[in-house]
Amino acid sequence: MNRMEYMEILLAQLRRVTPSEREAIRQEIDGHMEDHICSLLELGYDEELAEERTMARMGDPAEAGQELNKQYPLHWLILSRVAVTLTIILCLQAMLGVGILFHARDSILTRLNPPDDSALDKTHATEEVDLRLGVGNDILRITRVSTGEKNGYHVAEVRLCNYNRIPFGIATETLINHIIPENQRGEARDAFERGGSFGGSFGADEGRLYTDILPGDTYITLRYDAFGEQFDLQIPLPEEVEP
Amino acid sequence: MKRRIWTRKRKALSLTAVTLVLFFLFQYTYGICLMHPVQARWEAEQFYGCGSTERICHVWDGAVGQHVTLSSNEHALLLIGTYSTLSGWSCRDRDAVDCSEAAPLYGGTLRLSDGAVEDVVYAYGQVNDAAIDKIQLSFCFAANETAPTETHIYLTDAEDWHEHNGQRYFLLRSDALMPAYAPLNGRPYQINQGMVWDCTLTALNQYGTVLAEIKT
């Protein structure tokens, strides 16, 4: 029996191994035999005898193969295959649901670059602010306060957005809609634009709130009372400059 | 350099770890791969910002292929319809009611759809007045703008309600299945959603006297 035949008998006992594992085992055993043969050659053995002694030292190839086979239990192979299959399915689902990533995008963008534009017909005064308030799971962020004209009314406009405290979390969609903007006299007008959103995204919500004011008003109040959460937030108005 | 040979066990555990990381990442960022309906409820709680709720009752509605779950906490009532897809559990139809104050009756309605063929209307609520013995749900429905109006009325008795932490809750299903979409102008591919309006919940005592009314 030569080295090649020895290897074939040993590998024939490995019934539960994959082709790559079989190749790795072949290389490993071949390497061991090669090292041992080289050692014997250095000691003065001739090549044929060195190979014969090496195979004798390795033992019966069938027995060695059977012992080796036990080192490759089938359940770990099944677990690997299941894990690979599930990973492929997950990646396919992620690719199919790539639109959902807009939620994640909005969640991040609103944190880094919150909307702060104004939609007044005519602006009298405007001020960039950065007021943050924790409301339940969310952070409510006010980015701009303006005064001016809207639909023929003298109004204060508050630009605001909200997002979950945890990045990628779902933003409360009803938060802004539950806020009532009141002027200094405690009046709230509902005829103006309220709320708004990032095209139905759950990652963040944004909107503008309006309430009518009188010249000389210095603040408005945002009132919120929903699902056990309450706040009254007084927001100073920017000083209007006489035209 | 000698190449490191991974054992089968080590390889299997590493791949499983990668799969689990991806799984939780996609659950978190995409909201997909939800393995249990309760995760869809958690999403709805976040959506309404109503805080964590406890399940009151749960029914399977085969007509629309959804699990209907009523849950509540001190300040909110939440009704959701969840269904299973290849991407895990999902929630399409949901509604929440703020019940922070001490009103005799809190309630809402939710139209559940299977997304294609039929819809049902659910009414749900919390009854705080011990004198309330019955709840009546009434609503108008028309399959499309030219179809005749149908008025539907349903009644639920106190004995069918659920008790949880000393509170009484009801969940009422309208038996009528309504077409979710109706053909428009005889063209089956151009569709118009059926309409439901004037949804009213009326609380009655044992003598039939109206004690409270909610328009949803």
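Student: How many residues of chain A are in contact with residues of chain B?
Tutor: This is a predicted model: local features need pLDDT of at least 70, side-chain atom pairs count only at pLDDT 80 or more, and totals for chains, interfaces and linings use all residues. Residues are numbered from 1 along each chain as its sequence is written, while chains are lettered from A and ligands numbered from 1 in the order in which they are written. Two residues are in contact if their C-beta atoms, placed from the backbone, lie within 7 Å. By that rule, 31 residues of chain B touch chain A, and the count for chain A is 33.

Student: Which helix of chain B gives the largest share of the side that touches chain A?
Tutor: Helices (H or I, at least four residues) and strands (E, at least two) are DSSP runs, numbered from the N terminus. Helix 1 (8–30) and helix 2 (37–48) of chain B each supply at least two residues of that side. The largest share is 14 residues, and its source is helix 1 of chain B.

Student: Now chain A. What is its radius of gyration?
Tutor: The radius is taken over C-alpha atoms, and the globule rule is 2.2 Å times the number of residues to the power 0.38. A compact globule of 243 residues would come out near 18 Å. The C-alpha trace of chain A spans about 110 × 35 × 30 Å along its principal axes. Its radius of gyration is 37 Å.

Student: How far apart are the C-alpha centres of domain 1 and domain 2 of chain A?
Tutor: Domain bounds come from an automatic or database domain assignment. Here it gives domain 1 (3–96) and domain 2 (106–236). Their C-alpha centres are separated by 68 Å.

Student: What is the strand order in the open sheet of 4 strands in chain A?
Tutor: Chain A has 6 helices and 7 strands. Two strands pair if DSSP finds at least two bridges between them. Pairing in this sheet is antiparallel, and the order is 1-2-3-5. The edge strands, each pairing on one side only, are strand 1 (122–135) and strand 5 (204–212), at the two ends of the order 1-2-3-5.

Student: Which residue in the turn between strand 1 and strand 2 of chain A has a positive phi?
Tutor: Strand 1 and strand 2 (residues 138–150) of chain A are joined by 11 bridges. Val135(A) stands opposite Asp138(A). The two strands form a hairpin with 2 residues between them, and the phi of about 60 degrees belongs to Gly136(A).

Student: And which residue has a positive phi in the turn between strand 2 and strand 3 of chain A?
Tutor: Here 12 bridges link strand 2 to strand 3 (residues 153–164) of chain A. Glu149(A) stands opposite His154(A). The turn again holds 2 residues, and the phi of about 50 degrees belongs to Asn151(A).

Student: How many residues of strand 2 of chain A are buried?
Tutor: A residue is buried if 20 or more other C-beta atoms, placed from the backbone, lie within 10 Å of its own, exposed if 12 or fewer, and partly exposed in between. Across the 243 residues of chain A, buried residues make up 29%. Strand 2 is mostly covered: of its 13 residues, the buried number is 10.
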